[in-house]
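Have the model open while you read.

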Amino acid sequence: MFIAGLLAILIGLSILSFFAYRKIKRELHLRKLLRENVVVEIPDLDIKAPVLEGVGNDVLRQAAGHFENTGDIGKGNYCIAGHSSVIYKEFFNDLKNVQNGMEIYLYDKSKNRYTYVVTDSFIVNPDETWILDDFEDVRITIVTCTDDGTQRQVVVGKMSAND
């Protein structure tokens with residue numbers, strides 16, 4: 001009986017150690033991505049995500065992604081996408097709580113901050129790509145899935161006059 005209990009404790013500790021190692025490894029990878037890449041942050045929603053180039057699954061599995069051929073930081077319509085899920089911990093889970101007037105910070109790789117102010121939030125169908133167009137102003141467009149995954153939530157922020 002003593003050996004069975006000791007064995008159960010050792011197995012339990014091994015399992016806990018495995019999951020702790022995975023969590024620490026993911027956290028270290030996230031910190032590296034935040035340090036070395038563009039970062040989007042919405043402080044009021046406690047959202048902070050690295051932004052990599054492209055929106056393929058390999059990118060969106062680890063960060064938000066910048067749509068190719070859309071604006072640049074501080075120029076045009078800088079469009080990014082990221083996962084949102086009620087099942088998984090994703091970067092944009094709380095984006096549905098965004099309100100007009102909230103600030104969005106975009107940090108370039110040198111960590112210069114650009115401030116955008118949320119002006120609009122709405123839902124579109126997945127095939128509505130007009131949201132990626134250039135609107136002759138300086139804005140950020142953030143795209144994520146709605147909770148059921150059938151549509152896309154879009155948040156638009158325009159460059160603050162102070163930047």
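**Notes on the predicted model**

1. Let's start with Gln-151, which sits in the loop between strand 7 and strand 8 (152–159). Gln-151 is partly exposed, at 31% relative accessibility. For that scale, buried means under 20% relative accessible area, exposed over 50%, and partly exposed in between, using a 1.4 Å probe and protein chains only. Gln-151 touches Ile-123, Val-124, Asn-125, Pro-126, Thr-144, Cys-145 and Thr-146, leaving aside residues up to four places away in sequence; contact means heavy atoms within 4.5 Å.

2. A word on ground rules. This is a predicted model, so to speak of local features pLDDT of at least 70 is needed, side-chain atom pairs count only at pLDDT 80 or more, and totals for chains, interfaces and linings use all residues. Residues are numbered from 1 along each chain as its sequence is written, and side-chain values use heavy atoms, with hydrogens and water left out.

3. What makes up the inside? The largest nonpolar core has 22 residues, and Val-40, Ile-104, Ile-140 and Ile-142 have the most contacts inside it. (A nonpolar core is a set of buried Ala, Val, Leu, Ile, Met, Phe, Trp, Tyr and Cys residues joined through side-chain atoms within 4.5 Å.) At least two residues of this core come from each of strand 1 (38–42), strand 2 (47–53), strand 4 (77–81), strand 5 (103–107), strand 6 (113–124) and strand 7 (139–145). Ile-142 touches Val-40, Ile-42, Ile-80, Phe-92, Leu-95, Ile-104, Gln-153, Val-154 and Val-155, again not counting residues up to four places away in sequence. Apart from this core lies another, of eight residues, including Phe-67, Cys-79, Val-124 and Ile-131.

4. Phe-2, Ile-3, Leu-6, Ile-9, Leu-10, Leu-13 and Leu-16 make a nonpolar patch of about 790 Å². Patches are made of residues with over 30% relative accessible area and no salt bridge, with nonpolar side chains (Val, Leu, Ile, Met, Phe, Trp, Tyr) joined within 5 Å and like charges within 9 Å. The areas come from the Shrake-Rupley method with a 1.4 Å probe, and for residues only the protein chains shown count as cover. Ile-3 belongs to helix 1 (residues 2–36) and counts as exposed, at 67% relative accessibility. In soluble globular proteins, by contrast, nonpolar side chains tend to be buried together.

5. How many disulfides are there? A search of the whole structure finds zero; the cut-off is a pair of cysteine sulfur atoms within 2.5 Å. The sulfur of Cys-79 has its closest cysteine sulfur in Cys-145, 16 Å away, which is too far for a bond. Cys-79 is buried at 0% relative accessibility, whereas Cys-145 is partly exposed at 22%.

6. Salt bridges next: the structure holds four, each a side-chain nitrogen of Lys or Arg within 4 Å of a carboxyl oxygen of Asp or Glu. In one of them, Glu-36 pairs with Lys-32, with the closest N and O atoms 3.5 Å apart. These two are four residues apart in helix 1, so about one helical turn separates them. Both ends are partly exposed, Glu-36 at 41% and Lys-32 at 40%.

7. Shared partners join Asp-137, Arg-139 and Lys-158 into one network. Arg-139 is in strand 7 and is buried, at 11% relative accessibility, while Lys-158 is partly exposed at 33%.

8. Last, check two backbone angles. Most residues other than glycine have a negative phi. Asp-46, in the loop between strand 1 and strand 2, has a positive phi near 55° and is exposed at 74%. Glu-136, in the loop between strand 6 and strand 7, has a positive phi of about 65° and is exposed at 73%.
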